[in-house]
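Hi,

Here is the structure I promised to pass on to you. Have it open while you read, and my notes on it follow below.

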Amino acid sequence: MRRLEAQTIADAVGRLLLSAALCPGQDLLTALSHAEKAEKSPVGRKILKDLQENAKIARETGMAYCQDTGMAVVFLEVGQEVLISGELENEINRAVAAAYREGHYRCSVLDPLTRVNTGDNTPAVVHYRLVPGDRVKISVAPKGFGSENMSFLRMLNPSDGLEGIKNAVLEGALEAGGSPCPPVVLGVGIGGTMEKCALMAKHALLRELGSVNPDPALAAIETEMKDRLNALGLGPMAVGGSTYCLGVHVETYPTHIAGLPLAVNFQCHAYRHKSEVL
């Protein structure tokens with residue numbers, strides 16, 4: 001049995017948040033560069049170029065890539081041979097508050113009813129999964145709400161099938177338009193239950209842009225949906241063009257014979273996520 005202090009895990013959460021909110025990863029920068037070269041609209045190319053310039057300025061100045069530094073979402077894959085000492089979620093919230101204070105990031109978290117701000121961007125949203133081994137994988141995703149607000153859940157009929165899923169994704173994009181600050185990345189969860197498919201959609205946004213789904217059938221769906229979304233002509237920031245979507249990431253899970261749950265989690269052009277293994 002390996003022992004880990006809760007503070008050690010939380011400190012890693014804080015480091016990852018500071019890094020993720022400051023500047024997106026190389027996977028996004030590569031995707032934006034490729035998109036700029038392929039974009040057919042002059043205005044769209046200018047927007048994609050500006051997004052890359054914004055990332056450069058963020059790195060040089062230490063300022064956040066986007067003013068909406070989001071709500072801290074944390075995924076923990078905890079090895080079953082790890083003993084964690086301390087109050088983990090309390091430590092995580094301490095680290096989140098410290099990171100947002102150190103980075104001078106906007107605190108956007110508040111009570112949903114009174115609308116009173118908590119003042120330090122806590123509490124974080126923390127998801128746990130027990131896995132074999134003696135390691136802890138920590139993934140963070142500061143989630144802005146321009147894109148989060150466009151996300152949706154549909155309890156489709158089994159008879160809707162794969163075409164019904166694809167049509168729902170396209171309809172959701174048309175309804176969202178420029179609100180999620182495209183070019184977007186879509187996390188898509190299919191199957192399970194209401195909450196399971198929503199969690200899969202969120203988790204899918206941790207995948208590296210440009211990576212290929214290991215399931216060939218899902219990889220084909222991802223490619224088709226990306227192409228169909230871009231063929232809508234919405235373009236960057238929905239001003240027109242051929243680059244509305246940088247990637248579609250799909251996760252599935254077996255579901256009940258009477259159901260076909262679908263969740264789509266929009267992510268804006270600030271495709272922020274960082275991971276570390278302890």
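Glu163, Lys166, Glu224 and Arg228 are joined in a network of salt bridges. By salt bridge I mean a side-chain nitrogen of Lys or Arg within 4 Å of a carboxyl oxygen of Asp or Glu. A search of the whole structure turns up 13 salt bridges.

Before the rest, a word on what you're looking at: this is a predicted model, where local features need pLDDT of at least 70 and side-chain atom pairs count only at pLDDT 80 or more, while totals for chains, interfaces and linings use all residues. Residues are numbered from 1 along each chain as its sequence is written, and side-chain values use heavy atoms, with hydrogens and water left out.

I'll mention helices (H or I, at least four residues) and strands (E, at least two), which are DSSP runs numbered from the N terminus. I'll also say buried (under 20% relative accessible area), exposed (over 50%) or partly exposed (in between), worked out with a 1.4 Å probe on protein chains only.

- Glu276 and Arg15: their closest N and O atoms are 2.8 Å apart. Glu276 sits in strand 10 (residues 274-277) and Arg15 in helix 1 (residues 6-22), so this pair ties together parts that are 261 residues apart in sequence. Glu276 is partly exposed, at 24% relative accessible area, and Arg15 is partly exposed too, at 44%.
- Asp50 and Lys46: here the closest N and O atoms are 2.9 Å apart. Both belong to helix 3 (residues 42-61), and because they are four residues apart there, about one helical turn separates them. Asp50 is partly exposed with 37%, and Lys46 is partly exposed with 49%.
- Asp68 and Arg106: these side chains meet in a salt bridge of 3.4 Å, N to O. The pair links distant parts of the chain, 38 residues apart, with Asp68 in the loop between helix 3 and strand 2 and Arg106 in the loop between helix 4 (88-102) and strand 4. Asp68 is buried, at 15%, whereas Arg106 is partly exposed, at 41%.

Now for the sheets. Two strands count as paired if DSSP finds at least two bridges between them. Strand 7 (residues 184-191) runs parallel to strand 8, with eight bridges between them. If you'd like one to click on, Gly191 has Tyr253 in strand 8 as its bridge partner.

Another open sheet of four strands has the order 4-2-5-10, again with mixed pairing. At its edges are strand 4 and strand 10, each of which pairs on one side only. Neighbouring strands in this sheet are turned by 15° against each other on average, ignoring direction. Strand 5 (residues 136-143) and strand 10 pair in the antiparallel sense over four bridges, and Ser139 stands opposite Ser275 in strand 10.

Last, the pockets. On a 1 Å grid over the protein atoms alone, a pocket is an open set of points with protein on both sides within 12 Å along at least five of seven lines, and lining residues have an atom within 4 Å of a point. Grid points are joined across faces, edges and corners, and a volume is the space filled by probe spheres set on the points.

How much space lies in the largest pocket? About 500 Å³. Its lining has 26 residues, and Leu209, Gly210, Lys226, Leu246 and Gly247 are the ones nearest the centre. Helix 2 (26-38), helix 8 (216-230) and strand 8 (245-253) each supply at least two residues of that lining.

The second largest pocket has a volume of about 290 Å³. It is lined by 13 residues, with Phe75, Arg129, Lys196, Leu199 and His203 closest to its centre. Which element gives the most to this lining? Helix 7 does, with four residues.

How values were computed
On a 1 Å grid over the protein atoms alone, a cavity is a set of points where a 1.4 Å probe fits but cannot get out, and a pocket is an open set with protein on both sides within 12 Å along at least five of seven lines; lining residues have an atom within 4 Å of a point. Axes are lines fitted to C-alpha atoms, for helices over the stretch in contact, and angles run from 0 to 180 degrees between N-to-C directions.
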